[in-house]
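Visitor: Please show me the model, then take my questions one by one.

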Amino acid sequence: MKLQKNTRLALYSVLEFAADPTRHISAAEIADKYEVSPHHLAKVLSELARAGLVESVRGVGGGYRFAGNARRLTLMDVIEMFEEFAAPDGDRREPGERTPVGRALGAVLSEIDEIAKATFRSITLATMLRLLARQQRGQAAARAPERGRDGSKVKAP
Amino acid sequence: MTVTRATQPPSAGKRESPPREPAGPAIRPVRRGDLEPIVALDARVTGLEKRDYWESLYRRYGSPARTERQFLVADAGGRVVGFVIGEVRDWEFGAPPCGWVFAIDVHPDARLAGTGTRLLEAICRGFRRAGVSKVRTMLSRDNNLVLSFFRSQGMMTGPFIPLEMDLDAAESAPDAGAPR
């Protein structure tokens, strides 16, 4: 599944903010970390602020901070702000959609969409942050050299 | 799977107070006297009383001597506030032996206190004692409350895809699909 650029930026941002709700993070810092245009990111952040998920903090050390509830806010809540999930109206149908093959293909694509939506709805930001922490622990453990009982390095066979 | 349903879907609300620490109901094997509150809890959550079903489950899963089957309850000072049921299944769907959780529920008045987490942790300990290292479950994709709970415990979508079909429709489609 491919998310639009704005959606990914919004998810990156809210997860950065939710990881430490007390911290003010500047748009430039996030733009730099994810290698995106600050101008583009600003539009996404202003959308998030309008929805009440982040709030801007002015002045020295200002930026944005998280204003939502990480245990309640789901990926779907954020994604829905930027992606169109509703069925296209009559004027926007794709060519061939009303043919028998088009309808059958539409049923399969709809099946996939429903699974994706259920997945996004079931994952809160708090759950994502735990997943992130587990991944980081796993990567750290994989990088750590294997050691014997006496603490000495053990060579791989 | 017997699971709770969300009465109020989670929403993008404002900050709430920090989660309470688990209050600490005792997790223990089910007893016959627990069936009444379990039937009542299930009926309250699902809107359907299934006494015969629970009697049958108790007969099949209520013996603590069978380590591969577990029926545990959360006991808060003598009041049953939740339960979990599961078993180790060998080579089902071609998979190596693993634990399956097929019922979990917490009384609506006792939620958000870590009871579900304690129940799941307890049944997972039992699965480890039974020699398996993986736990699975399956539930309706519109059951957002319990899906979110399992996700919060670290569960991810597994390698299996549940499939179903309408038997009446299949009967009227004699030429349906490979393999033969």
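Guide: One definition comes ahead of the questions: two strands pair if DSSP finds at least two bridges between them. Bear in mind that this is a predicted model.

Visitor: In what order do the five strands of the open sheet in chain B stand?
Guide: Strands S1 (26-29) and S5 (135-137) of chain B stand at the edges, since each has a single partner strand. The sheet is open and its pairing is mixed. The order is S1-S2-S3-S4-S5.

Visitor: Which residue is the bridge partner of B:Pro29 in S2(B)?
Guide: S1(B) and S2(B) are antiparallel and share four bridges. In S2(B), B:Pro29 is partnered by B:Leu72.

Visitor: In which sense do S4(B) and S5(B) pair?
Guide: Strand S4 of chain B covers residues 98-106. Within this pairing B:Trp100 stands opposite B:Arg136 of S5(B). Three bridges link the two strands, and the sense is parallel.

Visitor: Which helix of chain B packs on the sheet?
Guide: The helix touches S1, S2, S3, S4 and S5 of chain B. Its direction makes about 30° with that of S3(B). It spans residues 115-129 and is H3(B).

Visitor: How are H1(B) and H2(B) oriented to each other?
Guide: H1 (residues 35-46) and H2 (residues 51-61) of chain B pack with their axes 10 Å apart, at an angle of about 130°. Roughly perpendicular ends at 115 degrees, and roughly antiparallel needs over 145. The angle therefore makes H1(B) and H2(B) oblique.

Visitor: How many charged residues has the contact of H1(B) with H2(B)?
Guide: From H1(B) come B:Leu35, B:Ile38, B:Val39 and B:Asp42; from H2(B) come B:Arg51, B:Trp54, B:Glu55 and B:Tyr58. Five of the contact residues are nonpolar and none is polar. The charged residues number three.

Visitor: How are H1(A) and H3(A) oriented to each other?
Guide: In chain A, H1 (residues 5-19) and H3 (residues 38-50) pack at about 65°, axes 10 Å apart. Angles from 65 to 115 degrees share one class. H1(A) and H3(A) are therefore roughly perpendicular.

Visitor: Which hand does the crossing of H1(A) and H3(A) have?
Guide: Its packing angle is about 65°. The crossing of H1(A) and H3(A) is right-handed.

Visitor: How many nonpolar residues has the contact of H1(A) with H3(A)?
Guide: H1(A) contributes A:Asn6, A:Leu9, A:Ala10, A:Ser13 and A:Val14, while H3(A) contributes A:Leu41, A:Val44, A:Leu45 and A:Leu48. By class, two are polar and none is charged. The nonpolar residues number seven.

Visitor: Does A:Val108 count as buried or exposed?
Guide: A:Val108 is found in helix H5 (residues 100-122) of chain A. A:Val108 has 9 inside 10 Å, so the class is exposed.

Visitor: Against which elements do the buried residues of H4(B) pack?
Guide: Helix H4 (residues 144-152) of chain B has among its buried residues B:Val146, B:Leu147 and B:Phe150. Just after H4(B), B:Gly154 takes a positive phi of about 105°. The buried residues of H4(B) pack against elements of chain A and of chain B: H5(A), H6(A), H3(B) and S5(B).

Visitor: What pattern does chain A follow along the sequence?
Guide: Chain A comes to six helices and two strands. Buried residues make up 22% of its 157 residues. Read along the sequence, the pattern is α-α-α-β-β-α-α-α.

Methods: Residues numbered from 1 in each chain as written. Chains lettered and ligands numbered in written order. Predicted model: local features only at pLDDT ≥ 70, side-chain atom pairs only at ≥ 80, totals over all residues. Contact = placed C-beta atoms within 7 Å. Axes fitted to C-alpha atoms, helices over the stretch in contact; angles between N-to-C directions. Parallel < 35°, antiparallel > 145°, perpendicular 65-115°, else oblique. Nonpolar A, V, L, I, M, F, W, Y, C, P; charged D, E, K, R; others polar. Left-handed = near helix turned anticlockwise from the far one by under 90°. Buried ≥ 20, exposed ≤ 12 C-beta atoms within 10 Å, placed from the backbone.
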